[in-house]
Amino acid sequence: MYHEEYIRQLEKYNELIHRKNKKTDFYNGIYERWENPVLTRNHIPLNWRYDLNPKTNPYFIERLGINAVFNAGAVELDGKICLVARVEGNDRKSFFAVAESENGTDNFVFREKPVILPDIYPDETNVYDMRLTKHEDGWIYGVFCSESSANNPSNLSEAVAQAGIVRTKDLNTWERLPNLVTKQSPQQRNVCLLPKFVDGKYAFYTRPMDGFIETGSGSGIGYGLVEDINNPVIEKEIMTSVRKYHTITESKNGSGAVPIETEKGWLHIAHGVRNTADGLRYVIYVFVTDLNHPEKVIAEPSGYLIAPLGNERVGDVSNVVFTNGAVVREDGSVYIYYASSDTRLHVATSSIERLLDYAFGNPFDPLRSADCVKQRCELIEKNNQFIKEMSSC
(Lines give C-alpha, C1' and ligand atoms only; values in the text may rest on other atoms or scores of the structure.)
Protein backbone atom coordinates (compact mmCIF):
# COMPACT_ATOMS: atom_id res chain seq x y z
CA MET A 1 0.00 0.00 0.00
CA TYR A 2 2.73 2.47 0.95
CA HIS A 3 4.79 1.88 -2.18
CA GLU A 4 1.86 2.02 -4.60
CA GLU A 5 0.46 5.24 -3.13
CA TYR A 6 3.87 6.91 -3.00
CA ILE A 7 4.49 6.15 -6.68
CA ARG A 8 1.02 7.39 -7.61
CA GLN A 9 1.42 10.69 -5.74
CA LEU A 10 4.92 11.21 -7.11
CA GLU A 11 3.69 10.71 -10.68
CA LYS A 12 0.89 13.23 -10.10
CA TYR A 13 3.38 15.74 -8.68
CA ASN A 14 5.82 15.35 -11.58
CA GLU A 15 3.02 15.66 -14.12
CA LEU A 16 1.84 18.87 -12.45
CA ILE A 17 5.17 20.67 -12.28
CA HIS A 18 5.95 19.84 -15.92
CA ARG A 19 2.53 20.81 -17.26
CA LYS A 20 2.63 23.49 -19.95
CA ASN A 21 0.50 26.58 -19.50
CA LYS A 22 -1.34 28.48 -22.21
CA LYS A 23 -3.25 31.71 -22.60
CA THR A 24 -7.02 31.70 -22.30
CA ASP A 25 -9.36 33.39 -24.78
CA PHE A 26 -10.02 36.20 -22.29
CA TYR A 27 -9.54 39.60 -23.95
CA ASN A 28 -9.62 43.22 -22.88
CA GLY A 29 -6.51 44.52 -24.67
CA ILE A 30 -4.70 45.20 -21.41
CA TYR A 31 -3.43 41.78 -20.34
CA GLU A 32 -3.69 38.05 -20.98
CA ARG A 33 -4.95 35.53 -18.47
CA TRP A 34 -3.31 32.09 -18.35
CA GLU A 35 -5.26 28.87 -18.07
CA ASN A 36 -3.56 27.07 -15.18
CA PRO A 37 -2.55 28.41 -11.78
CA VAL A 38 1.23 28.68 -11.54
CA LEU A 39 1.30 27.50 -7.91
CA THR A 40 -1.13 25.42 -5.85
CA ARG A 41 -0.97 23.30 -2.71
CA ASN A 42 -0.14 20.34 -4.95
CA HIS A 43 3.09 22.02 -6.12
CA ILE A 44 4.54 21.48 -2.64
CA PRO A 45 7.07 18.60 -2.77
CA LEU A 46 6.00 15.33 -1.19
CA ASN A 47 8.88 15.35 1.31
CA TRP A 48 7.51 18.59 2.80
CA ARG A 49 4.21 16.85 3.58
CA TYR A 50 4.81 13.14 4.09
CA ASP A 51 7.12 11.04 6.20
CA LEU A 52 8.65 8.94 3.39
CA ASN A 53 9.89 6.18 5.69
CA PRO A 54 7.46 3.22 5.53
CA LYS A 55 8.54 2.06 8.99
CA THR A 56 7.33 5.27 10.64
CA ASN A 57 4.52 5.97 8.15
CA PRO A 58 3.20 2.59 6.95
CA TYR A 59 -0.11 4.03 5.69
CA PHE A 60 1.59 6.90 3.83
CA ILE A 61 -0.39 9.50 5.77
CA GLU A 62 0.17 13.18 5.12
CA ARG A 63 1.88 14.33 8.32
CA LEU A 64 2.18 18.08 7.69
CA GLY A 65 -0.59 19.09 5.31
CA ILE A 66 -0.68 22.19 3.11
CA ASN A 67 -3.92 24.14 2.81
CA ALA A 68 -3.01 26.79 0.22
CA VAL A 69 -0.21 28.47 -1.75
CA PHE A 70 -0.91 32.06 -2.72
CA ASN A 71 0.13 35.76 -2.36
CA ALA A 72 3.70 35.76 -3.71
CA GLY A 73 6.35 38.44 -3.98
CA ALA A 74 8.23 38.26 -7.28
CA VAL A 75 11.68 39.12 -8.59
CA GLU A 76 13.90 38.13 -11.51
CA LEU A 77 17.20 36.65 -10.35
CA ASP A 78 19.92 34.98 -12.45
CA GLY A 79 17.59 34.75 -15.44
CA LYS A 80 14.80 33.05 -13.53
CA ILE A 81 11.56 34.38 -12.13
CA CYS A 82 11.51 33.70 -8.41
CA LEU A 83 8.37 33.78 -6.33
CA VAL A 84 8.42 34.01 -2.56
CA ALA A 85 5.03 32.47 -1.97
CA ARG A 86 2.86 32.41 1.10
CA VAL A 87 2.40 28.77 2.03
CA GLU A 88 -0.31 28.02 4.58
CA GLY A 89 -0.32 24.74 6.47
CA ASN A 90 -3.40 22.91 7.63
CA ASP A 91 -2.59 24.42 11.02
CA ARG A 92 -3.34 27.93 9.59
CA LYS A 93 0.22 29.16 10.09
CA SER A 94 1.89 30.66 7.03
CA PHE A 95 5.52 30.58 5.98
CA PHE A 96 7.52 31.62 2.93
CA ALA A 97 8.98 29.41 0.23
CA VAL A 98 10.85 30.20 -2.99
CA ALA A 99 9.66 28.73 -6.30
CA GLU A 100 11.54 29.28 -9.57
CA SER A 101 10.70 29.13 -13.28
CA GLU A 102 12.62 29.88 -16.47
CA ASN A 103 9.65 31.31 -18.36
CA GLY A 104 7.45 32.62 -15.54
CA THR A 105 4.24 30.95 -16.70
CA ASP A 106 4.76 27.29 -15.81
CA ASN A 107 7.20 24.68 -14.44
CA PHE A 108 7.64 26.44 -11.10
CA VAL A 109 9.62 24.26 -8.69
CA PHE A 110 10.25 24.99 -5.02
CA ARG A 111 13.76 25.16 -3.64
CA GLU A 112 14.87 22.43 -1.25
CA LYS A 113 13.47 23.96 1.93
CA PRO A 114 11.18 26.83 3.01
CA VAL A 115 12.62 30.24 3.88
CA ILE A 116 14.07 30.36 7.38
CA LEU A 117 13.53 33.86 8.78
CA PRO A 118 15.61 35.00 11.76
CA ASP A 119 13.27 34.64 14.75
CA ILE A 120 13.83 37.87 16.68
CA TYR A 121 10.27 38.63 17.82
CA PRO A 122 9.06 36.09 20.42
CA ASP A 123 5.45 37.32 20.18
CA GLU A 124 5.30 36.94 16.39
CA THR A 125 2.69 34.30 15.53
CA ASN A 126 2.34 34.46 11.76
CA VAL A 127 4.09 35.96 8.71
CA TYR A 128 2.71 36.46 5.21
CA ASP A 129 2.43 38.44 1.94
CA MET A 130 6.04 39.44 1.24
CA ARG A 131 6.84 42.15 -1.31
CA LEU A 132 10.28 41.90 -2.90
CA THR A 133 12.25 45.02 -3.84
CA LYS A 134 15.52 45.03 -5.77
CA HIS A 135 16.85 48.23 -4.24
CA GLU A 136 19.53 50.45 -5.71
CA ASP A 137 21.56 49.95 -2.51
CA GLY A 138 22.33 46.41 -3.76
CA TRP A 139 20.03 44.42 -1.49
CA ILE A 140 16.81 42.57 -2.21
CA TYR A 141 14.39 43.60 0.53
CA GLY A 142 11.38 41.61 1.63
CA VAL A 143 8.62 43.51 3.42
CA PHE A 144 5.85 41.37 4.90
CA CYS A 145 3.08 41.30 7.47
CA SER A 146 4.29 40.32 10.92
CA GLU A 147 1.29 39.29 13.00
CA SER A 148 1.27 38.98 16.78
CA SER A 149 -1.39 38.12 19.30
CA ALA A 150 -2.91 41.07 21.14
CA ASN A 151 -2.85 38.89 24.29
CA ASN A 152 -6.52 39.52 24.96
CA PRO A 153 -8.02 36.42 26.65
CA SER A 154 -11.55 37.66 25.96
CA ASN A 155 -10.96 37.83 22.19
CA LEU A 156 -8.61 35.21 20.79
CA SER A 157 -8.91 36.62 17.26
CA GLU A 158 -7.62 40.06 18.23
CA ALA A 159 -4.18 40.64 16.72
CA VAL A 160 -1.58 43.27 15.89
CA ALA A 161 -0.15 43.70 12.37
CA GLN A 162 3.23 45.27 11.69
CA ALA A 163 5.54 45.46 8.68
CA GLY A 164 8.47 43.08 9.00
CA ILE A 165 11.64 43.71 6.99
CA VAL A 166 14.32 41.29 5.79
CA ARG A 167 17.04 41.55 3.17
CA THR A 168 19.01 39.09 1.09
CA LYS A 169 21.28 38.77 -1.92
CA ASP A 170 20.20 35.33 -3.11
CA LEU A 171 16.80 34.50 -1.52
CA ASN A 172 18.61 31.81 0.50
CA THR A 173 20.16 33.70 3.41
CA TRP A 174 18.03 36.36 5.05
CA GLU A 175 18.95 39.14 7.46
CA ARG A 176 16.14 40.33 9.72
CA LEU A 177 15.87 44.06 10.40
CA PRO A 178 13.63 45.73 13.00
CA ASN A 179 9.95 46.01 12.14
CA LEU A 180 8.84 49.28 10.58
CA VAL A 181 7.57 51.90 13.02
CA THR A 182 4.97 54.43 11.84
CA LYS A 183 4.41 57.20 14.35
CA GLN A 184 0.92 58.05 13.06
CA SER A 185 -0.45 54.51 12.69
CA PRO A 186 -0.76 51.84 15.40
CA GLN A 187 -0.89 48.98 12.87
CA GLN A 188 0.39 48.38 9.34
CA ARG A 189 0.08 45.87 6.53
CA ASN A 190 0.49 45.83 2.74
CA VAL A 191 3.69 47.84 3.03
CA CYS A 192 6.20 47.93 0.17
CA LEU A 193 9.54 49.60 -0.46
CA LEU A 194 10.30 51.72 -3.53
CA PRO A 195 13.37 50.48 -5.48
CA LYS A 196 15.10 53.88 -5.40
CA PHE A 197 16.12 56.39 -2.77
CA VAL A 198 14.04 59.56 -2.49
CA ASP A 199 16.07 62.49 -1.19
CA GLY A 200 18.62 59.95 0.03
CA LYS A 201 16.00 58.08 2.08
CA TYR A 202 14.14 54.77 1.84
CA ALA A 203 10.62 55.37 0.53
CA PHE A 204 7.77 53.15 1.73
CA TYR A 205 4.15 52.85 0.73
CA THR A 206 2.03 51.98 3.76
CA ARG A 207 -1.55 51.20 4.71
CA PRO A 208 -2.37 52.96 8.00
CA MET A 209 -4.74 50.99 10.23
CA ASP A 210 -6.34 51.59 13.59
CA GLY A 211 -7.07 47.88 14.06
CA PHE A 212 -6.10 44.51 12.67
CA ILE A 213 -8.96 44.18 10.15
CA GLU A 214 -10.57 47.59 9.73
CA THR A 215 -8.63 50.61 8.56
CA GLY A 216 -10.56 52.95 10.86
CA SER A 217 -9.28 56.45 10.25
CA GLY A 218 -6.83 55.18 7.63
CA SER A 219 -8.01 56.78 4.41
CA GLY A 220 -5.99 54.87 1.84
CA ILE A 221 -2.43 54.10 0.76
CA GLY A 222 0.16 56.13 2.63
CA TYR A 223 3.71 57.18 1.80
CA GLY A 224 6.61 57.92 4.10
CA LEU A 225 10.39 58.14 4.29
CA VAL A 226 12.92 56.29 6.45
CA GLU A 227 16.37 57.72 7.04
CA ASP A 228 18.04 54.60 8.43
CA ILE A 229 16.87 51.16 7.25
CA ASN A 230 18.48 49.64 10.35
CA ASN A 231 16.20 51.82 12.48
CA PRO A 232 13.14 52.10 10.22
CA VAL A 233 10.90 54.85 11.52
CA ILE A 234 8.38 56.90 9.51
CA GLU A 235 7.53 60.14 11.27
CA LYS A 236 4.83 61.27 8.83
CA GLU A 237 2.63 59.45 6.34
CA ILE A 238 1.22 61.30 3.32
CA MET A 239 -1.87 59.79 1.70
CA THR A 240 -1.67 58.89 -1.99
CA SER A 241 -4.42 56.75 -3.54
CA VAL A 242 -7.28 57.37 -1.11
CA ARG A 243 -10.43 55.38 -0.46
CA LYS A 244 -13.60 56.69 -2.13
CA TYR A 245 -17.29 56.12 -1.49
CA HIS A 246 -19.11 53.65 -3.75
CA THR A 247 -15.98 52.55 -5.60
CA ILE A 248 -13.77 49.46 -5.61
CA THR A 249 -11.74 50.99 -2.74
CA GLU A 250 -14.64 51.94 -0.47
CA SER A 251 -13.75 49.60 2.43
CA LYS A 252 -9.97 49.69 2.09
CA ASN A 253 -7.10 49.62 -0.37
CA GLY A 254 -3.41 48.79 -0.23
CA SER A 255 -0.24 48.46 -2.22
CA GLY A 256 0.15 45.30 -4.26
CA ALA A 257 3.24 44.67 -6.34
CA VAL A 258 6.27 46.90 -5.78
CA PRO A 259 5.79 50.02 -7.98
CA ILE A 260 7.40 49.82 -11.42
CA GLU A 261 9.54 52.71 -12.64
CA THR A 262 8.52 53.93 -16.12
CA GLU A 263 9.23 57.02 -18.18
CA LYS A 264 5.79 58.40 -17.27
CA GLY A 265 5.84 57.67 -13.54
CA TRP A 266 5.72 54.94 -10.92
CA LEU A 267 3.22 52.30 -12.04
CA HIS A 268 1.27 50.82 -9.13
CA ILE A 269 -0.68 47.55 -9.29
CA ALA A 270 -2.68 47.70 -6.06
CA HIS A 271 -5.76 46.14 -4.49
CA GLY A 272 -9.11 47.62 -3.57
CA VAL A 273 -11.82 46.23 -1.29
CA ARG A 274 -15.54 46.87 -1.06
CA ASN A 275 -18.14 45.32 1.21
CA THR A 276 -21.03 43.29 -0.20
CA ALA A 277 -23.92 41.25 1.16
CA ASP A 278 -21.67 38.22 0.64
CA GLY A 279 -18.62 39.69 2.38
CA LEU A 280 -15.56 41.61 1.23
CA ARG A 281 -14.71 41.62 -2.49
CA TYR A 282 -11.06 42.20 -3.41
CA VAL A 283 -9.98 43.37 -6.87
CA ILE A 284 -6.77 44.71 -8.41
CA TYR A 285 -6.48 48.22 -9.79
CA VAL A 286 -3.85 50.56 -11.26
CA PHE A 287 -2.62 54.06 -10.57
CA VAL A 288 0.52 56.06 -11.39
CA THR A 289 2.50 58.45 -9.19
CA ASP A 290 4.98 61.15 -10.19
CA LEU A 291 8.60 60.02 -10.60
CA ASN A 292 9.97 62.92 -8.57
CA HIS A 293 7.06 63.13 -6.12
CA PRO A 294 6.06 59.49 -5.49
CA GLU A 295 3.27 60.57 -3.16
CA LYS A 296 1.44 62.42 -5.95
CA VAL A 297 -1.08 60.43 -8.05
CA ILE A 298 -1.04 61.54 -11.71
CA ALA A 299 -3.23 58.84 -13.26
CA GLU A 300 -5.91 56.52 -11.87
CA PRO A 301 -8.26 54.89 -14.38
CA SER A 302 -11.79 53.99 -13.33
CA GLY A 303 -12.61 50.58 -11.93
CA TYR A 304 -10.60 47.41 -11.60
CA LEU A 305 -7.83 45.86 -13.68
CA ILE A 306 -8.36 42.26 -12.51
CA ALA A 307 -11.37 40.73 -10.77
CA PRO A 308 -11.97 37.05 -9.95
CA LEU A 309 -13.51 35.06 -12.80
CA GLY A 310 -14.96 31.55 -12.92
CA ASN A 311 -13.19 29.11 -10.61
CA GLU A 312 -11.07 31.96 -9.25
CA ARG A 313 -14.12 33.09 -7.27
CA VAL A 314 -14.15 29.94 -5.11
CA GLY A 315 -11.74 29.13 -2.32
CA ASP A 316 -10.89 29.65 1.33
CA VAL A 317 -11.89 33.34 1.13
CA SER A 318 -14.09 33.55 -1.94
CA ASN A 319 -14.51 36.41 -4.42
CA VAL A 320 -10.95 37.67 -3.94
CA VAL A 321 -7.97 38.46 -6.14
CA PHE A 322 -4.81 39.86 -4.59
CA THR A 323 -1.31 40.66 -5.83
CA ASN A 324 1.94 41.43 -4.09
CA GLY A 325 4.33 40.58 -6.92
CA ALA A 326 5.09 41.54 -10.52
CA VAL A 327 8.17 41.22 -12.71
CA VAL A 328 9.25 43.36 -15.67
CA ARG A 329 11.44 41.41 -18.10
CA GLU A 330 14.09 42.85 -20.41
CA ASP A 331 11.68 43.09 -23.37
CA GLY A 332 9.23 45.22 -21.38
CA SER A 333 6.76 42.42 -20.72
CA VAL A 334 5.10 42.45 -17.30
CA TYR A 335 4.18 39.31 -15.37
CA ILE A 336 1.56 39.99 -12.70
CA TYR A 337 1.26 37.23 -10.11
CA TYR A 338 -2.12 37.27 -8.42
CA ALA A 339 -3.84 34.89 -6.03
CA SER A 340 -7.48 33.92 -6.17
CA SER A 341 -9.64 33.40 -3.11
CA ASP A 342 -6.62 32.91 -0.80
CA THR A 343 -6.07 29.47 -2.34
CA ARG A 344 -3.87 29.44 -5.46
CA LEU A 345 -1.59 31.66 -7.55
CA HIS A 346 -2.12 32.75 -11.17
CA VAL A 347 -0.26 34.86 -13.72
CA ALA A 348 -1.45 37.58 -16.08
CA THR A 349 0.89 39.02 -18.71
CA SER A 350 1.02 42.48 -20.21
CA SER A 351 3.61 45.10 -21.14
CA ILE A 352 4.75 48.47 -19.83
CA GLU A 353 3.33 50.14 -22.94
CA ARG A 354 -0.14 48.60 -22.60
CA LEU A 355 -0.39 49.24 -18.86
CA LEU A 356 0.63 52.90 -19.30
CA ASP A 357 -1.85 53.31 -22.16
CA TYR A 358 -4.52 51.89 -19.87
CA ALA A 359 -3.48 54.09 -16.94
CA PHE A 360 -3.41 57.34 -18.87
CA GLY A 361 -5.86 56.57 -21.70
CA ASN A 362 -8.78 55.12 -19.78
CA PRO A 363 -11.10 57.65 -18.12
CA PHE A 364 -11.07 58.42 -14.42
CA ASP A 365 -13.99 57.56 -12.15
CA PRO A 366 -16.39 60.56 -12.05
CA LEU A 367 -17.91 59.08 -8.86
CA ARG A 368 -21.58 59.58 -9.85
CA SER A 369 -23.89 57.37 -11.95
CA ALA A 370 -25.14 60.35 -14.00
CA ASP A 371 -21.60 61.34 -14.90
CA CYS A 372 -20.67 57.72 -15.68
CA VAL A 373 -23.54 57.55 -18.18
CA LYS A 374 -22.39 60.83 -19.70
CA GLN A 375 -18.88 59.43 -19.99
CA ARG A 376 -20.16 56.31 -21.79
CA CYS A 377 -22.41 58.26 -24.12
CA GLU A 378 -19.47 60.45 -25.12
CA LEU A 379 -17.55 57.28 -26.05
CA ILE A 380 -20.51 56.01 -28.11
CA GLU A 381 -20.85 59.33 -29.94
CA LYS A 382 -17.13 59.42 -30.64
CA ASN A 383 -17.29 55.89 -32.08
CA ASN A 384 -20.37 56.71 -34.16
CA GLN A 385 -18.56 59.69 -35.66
CA PHE A 386 -15.49 57.56 -36.38
CA ILE A 387 -17.61 54.87 -38.09
CA LYS A 388 -19.37 57.52 -40.14
CA GLU A 389 -16.08 59.01 -41.28
CA MET A 390 -14.63 55.61 -42.13
CA SER A 391 -17.70 54.60 -44.17
CA SER A 392 -17.47 57.76 -46.26
CA CYS A 393 -13.86 57.07 -47.27
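Modeller: Strand 6 does, with four residues of the lining. Strand 6 spans residues 124-134, and it is joined by strand 2, strand 3, strand 7 (140-149) and strand 21 (279-289), each of which supplies at least two lining residues. Helices (H or I, at least four residues) and strands (E, at least two) are DSSP runs numbered from the N terminus. The model is predicted, so local features need pLDDT of at least 70 and side-chain atom pairs pLDDT 80 or more, whereas totals for chains, interfaces and linings use all residues. Residues are numbered from 1 along each chain as its sequence is written, and side-chain values use heavy atoms, without hydrogens or water.

In total, 36 residues line the largest pocket, with Arg86, Arg92, Tyr128, Arg189 and Phe212 lying nearest its centre. Its volume is about 990 Å³. A pocket here is an open set of points on a 1 Å grid over the protein atoms alone, where a 1.4 Å probe fits, with protein on both sides within 12 Å along at least five of seven lines; lining residues have an atom within 4 Å of a point. Points are joined across faces, edges and corners, and the volume is the space filled by probe spheres set on them.

Consider next the nonpolar cores, which are sets of buried Ala, Val, Leu, Ile, Met, Phe, Trp, Tyr and Cys residues joined through side-chain atoms within 4.5 Å. Buried means under 20% relative accessible area, exposed over 50%, and partly exposed in between (1.4 Å probe, protein chains only). The largest core has 25 residues, and those touching the most other members are Leu39, Val69, Leu83, Phe108, Phe110, Tyr337 and Leu345. Two or more residues come from each of strand 2 (66-77), strand 3 (80-89), strand 4 (94-101), strand 24 (333-340) and strand 25 (344-351). Strand 2 gives the largest share, six residues. A second, separate core holds 23 residues, among them Ile260, Val288, Ile306 and Val334.

Thr323 belongs to strand 23 (residues 321-328) and is buried, because its relative accessibility is 0%. Beyond four places in sequence, Thr323 is in contact (heavy atoms within 4.5 Å) with residues including Arg131, Gly256, Ile269 and Tyr338.

Charged pairs complete the account. A salt bridge is a side-chain nitrogen of Lys or Arg within 4 Å of a carboxyl oxygen of Asp or Glu, and the structure holds 15 of them. Glu5 and Arg8 form one, at 3.0 Å from N to O. These two residues are about one helical turn apart, because three places separate them in helix 1 (residues 2-17). Glu5 is partly exposed at 26% relative accessibility, as is Arg8 at 44%. Another salt bridge joins Arg354 to Glu32 at 2.7 Å, N to O. Arg354 lies in helix 2 (residues 352-361) and Glu32 in strand 1 (residues 32-33), so this pair ties together parts 322 residues apart in sequence. Arg354 is partly exposed at 26%, whereas Glu32 is buried at 19%. Arg167 pairs with Glu175, their closest N and O atoms being 3.0 Å apart; Arg167 is buried, with 11% relative accessibility, and Glu175 is partly exposed, with 31%. Salt bridges with shared partners also link Arg41, Arg49 and Glu62 in one network.
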